[in-house]
Amino acid sequence: MLRPVSPLLVKGILGMLNYTYLWFEADGRLSPEELADEYVDTLLQGIRRSA
């Protein structure tokens, strides 16, 4: 289950995702899939409700 988050946090997360095209390098250290995995893991760990 996810915990409620503030609208400001939602906007920050969307900003992180929406502006990736400005700095992401396709030939960089991470592939697009690896970067997506990093994003999802970080996001879900941050909003998952503690047991």
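User: Why is F24 called partly exposed?

Analyst: This is a predicted model, and in it F24 has 25% relative accessibility. Buried needs a value under 20% and exposed one over 50%, so F24 falls in between and counts as partly exposed.

User: Where does F24 sit, and how far is it from L35?

Analyst: F24 is in the loop between α2 and α3. From F24 to L35 there are 11 residues in sequence, and their C-alpha atoms are 9.2 Å apart in space.

User: What makes W23 and F24 an edge-to-face pair?

Analyst: There are two aromatic pairs in the structure. For W23 and F24, the ring centres are 6.4 Å apart, and a pair has to be within 6.5 Å, so they qualify. Their planes meet at 70°, and anything over 60 degrees is edge-to-face, so that's the label they get.

User: Is W23 buried, exposed or partly exposed, and why?

Analyst: W23 has 47% relative accessibility. Exposed would take over 50%, and buried would take under 20%, so W23 is partly exposed.

User: Why does T20 count as buried?

Analyst: Its relative accessibility is 12%, and the cut-off for buried is under 20%, so T20 makes it. T20 belongs to helix α2, which covers residues 20-23.

User: What makes the link between T20 and Y39 a polar contact?

Analyst: The two side chains come to 3.0 Å, and a polar contact is a pair of N or O atoms within 3.5 Å, one able to donate a hydrogen and the other to accept it. So the T20 and Y39 side chains meet that test. The side chain of T20 also reaches the backbone oxygen of L17, at 3.2 Å.

User: How do you know whether I47 and L44 are buried or partly exposed?

Analyst: I47 is at 13% relative accessibility, under the 20% limit, so I47 counts as buried. L44 is at 30%, which lies between 20% and 50%, so L44 counts as partly exposed.

User: What is the overall pattern of the protein, and why is it called more spread out than a compact globule?

Analyst: The protein has three helices and zero strands, giving the pattern α-α-α along the sequence. Its radius of gyration is 13 Å, while the globule rule gives 10 Å for 51 residues. The value is well over the rule, so the protein is more spread out than a compact globule. Along the principal axes, its C-alpha trace spans about 40 × 20 × 10 Å.

User: How far apart are the mean positions of the positive and negative charges?

Analyst: The protein has 5 positive and 7 negative charges, and their mean positions are 19 Å apart.

Terms used
Residues are numbered from 1 along each chain as its sequence is written. This is a predicted model: local features need pLDDT of at least 70, side-chain atom pairs count only at pLDDT 80 or more; totals for chains, interfaces and linings use all residues. Side-chain values use heavy atoms; hydrogens and water are left out. Rings of Phe, Tyr and Trp (its six-membered ring) pair if their centres lie within 6.5 Å; planes under 30 degrees apart count as stacked, over 60 as edge-to-face and the rest as tilted. Buried means under 20% relative accessible area, exposed over 50%, partly exposed in between (1.4 Å probe, protein chains only). Helices (H or I, at least four residues) and strands (E, at least two) are DSSP runs, numbered from the N terminus. The radius of gyration is taken over C-alpha atoms; the globule rule is 2.2 Å times the number of residues to the power 0.38. Lys and Arg count as positive and Asp and Glu as negative; His and the chain ends are not counted. The place of a charge is taken as NZ of Lys, CZ of Arg, CG of Asp or CD of Glu.
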